[in-house]
Each structure stands twice: as structure tokens, then as C-alpha cells.
Amino acid sequence: KIILIGCYSCDYSRKTYPLITKLALRYNTPLVYLEYPVKLHSDYLNKVGYCAWQQSSEKYWQFNDLLFGTEKSNQEDLTFIDSSLTSLGFDLPALQTCVDDPATAAVVESQMEQIRGTNFYGTPTIFIGDEVYVGPKPYRVYAIGLKGFFYWLVK
């Protein structure tokens with residue numbers, strides 16, 4: 001499993017995200033993305049991401065790709081977020097109900113506490129097996145880390 005802690009607005013996370021998704025696809029490795037908003041003004045996208053995942057994990061990844069690929073100014077534009085979710089086929093009223101639910105806020109806060117509990121240094125932080133990579137690295141560094149992890153598993 002690859003775990004990526006990132007921020008949609010962090011330039012380093014934006015540089016690293018496509019490399020990590022490519023790596024996960026190439027090696028058919030599960031990827032977990034955890035949004036840690038170091039540049040955004042709220043945890044709204046954490047709640048949206050959680051609720052989007054609940055509706056459709058496949059569409060969630062499309063939404064994630066969209067957020068990493070769009071202008072940073074769009075990431076806090078609620079009209080852009082809503083229209084993007086609608087265009088991806090999400091049930092927007094159900095999603096908004098989920099976002100507004102206090103239980104969602106509790107789950108998101110719990111996730112944030114778990115992220116902080118890793119003592120990560122900044123975004124992006126990537127966990128591959130027992131290895132931790134902070135900041136953007138060349139693709140080959142992540143690939144070697146993943147291949148090394150697989151080698152260790154088979155040994």
C-alpha cells in the first residue's frame with residue numbers, strides 16, 4: 001500500500017501526485033490519499049472527499065485528479081467544486097447532506113489526528129512499506145522503494 005499525505009494547493013504535492021498515481025497503477029498497488037490542507041483555508045475538501053469516497057471510490061479518484069489538475073483558485077470556489085462533482089456524476093444533494101453531517105466532521109477530525117500522529121514533516125509525505133519520503137522525488141526513487149518493498153515481502 002502507498003499512502004500519500006498531500007495538499008491540493010501545495011506545489012510539491014501537485015508535482016508528486018501524478019508520479020504516485022502512475023506508480024500505483026503500474027504496480028497495481030493500493031493507494032490511499034490523505035488531504036492535509038496546509039494551504040487551504042478550511043477542511044471543506046476533506047469532508048467533500050470523504051463523502052465522495054462514500055458515494056463512489058472510482059469517481060472520488062476522478063475528483064482528486066481534477067483538484068490536482070485545476071487552478072489553485074478553483075479549489076476554494078464552491079461553485080466550481082459543485083459543478084465538478086455534478087459533471088462527474090455525483091449525487092450533489094446527498095453529498096452535501098453528508099458534508100453537513102456532524103458525523104462527517106468527527107470522521108475528518110479523527111483522520112486529521114491520525115495524520116498528525118504520524119509526525120509527518122510536511123506535504124507531500126509518502127509511505128511505502130517502512131520507507132517514508134518527504135517532498136517531491138524523481139519517479140525512480142518511489143519505484144525503487146516500492147520494488148524494494150515487494151522484494152522484502154517475497155523474501
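Me: At what angle do helix H2 and helix H6 pack?

Reply: In this predicted model, helix H2 (residues 44–55) and helix H6 (residues 102–117) pack at an angle of about 110°, with their axes 10 Å apart. Local features need pLDDT of at least 70 and side-chain atom pairs pLDDT 80 or more, while totals for chains, interfaces and linings use all residues; numbering starts from 1 along each chain, and side-chain values use heavy atoms, without hydrogens and water.

Me: Why are H2 and H6 called roughly perpendicular?

Reply: Angles of 65 to 115 degrees count as roughly perpendicular. The packing angle is about 110°, and H2 and H6 are therefore roughly perpendicular to each other.

Me: What makes the contact of H2 with H6?

Reply: Contact means heavy atoms within 4.5 Å. Asn46, Lys47, Tyr50 and Cys51 in H2 meet Thr104, Ala105, Val107, Val108, Gln111 and Met112 in H6. These residues divide into 6 nonpolar, 3 polar and 1 charged.

Me: Which strands pair with S3, and how do you know that they pair?

Reply: Two strands pair if DSSP finds at least two bridges between them. 4 bridges join strand S1 (residues 2–6) to S3, and 4 bridges join S3 to strand S4 (residues 131–134). S1 and S3 run antiparallel, as do S3 and S4. Ile128 in S3 stands opposite Ile2 and also opposite Glu131 in S4.

Me: Are the residues of strand S3 buried or exposed?

Reply: Buried means under 20% relative accessible area, and exposed means over 50%. Thr125 and Phe127 point one way from S3 (residues 125–128), Ile126 and Ile128 the other way, and all are buried.

Note on methods: Axes are lines fitted to C-alpha atoms, for helices over the stretch in contact, and angles run from 0 to 180 degrees between N-to-C directions. Helices (H or I, at least four residues) and strands (E, at least two) are DSSP runs, numbered from the N terminus. Angles under 35 degrees count as roughly parallel, over 145 as roughly antiparallel, 65 to 115 as roughly perpendicular and the rest as oblique. Ala, Val, Leu, Ile, Met, Phe, Trp, Tyr, Cys and Pro count as nonpolar, Asp, Glu, Lys and Arg as charged, and the others, Gly among them, as polar. Buried means under 20% relative accessible area, exposed over 50%, partly exposed in between (1.4 Å probe, protein chains only).
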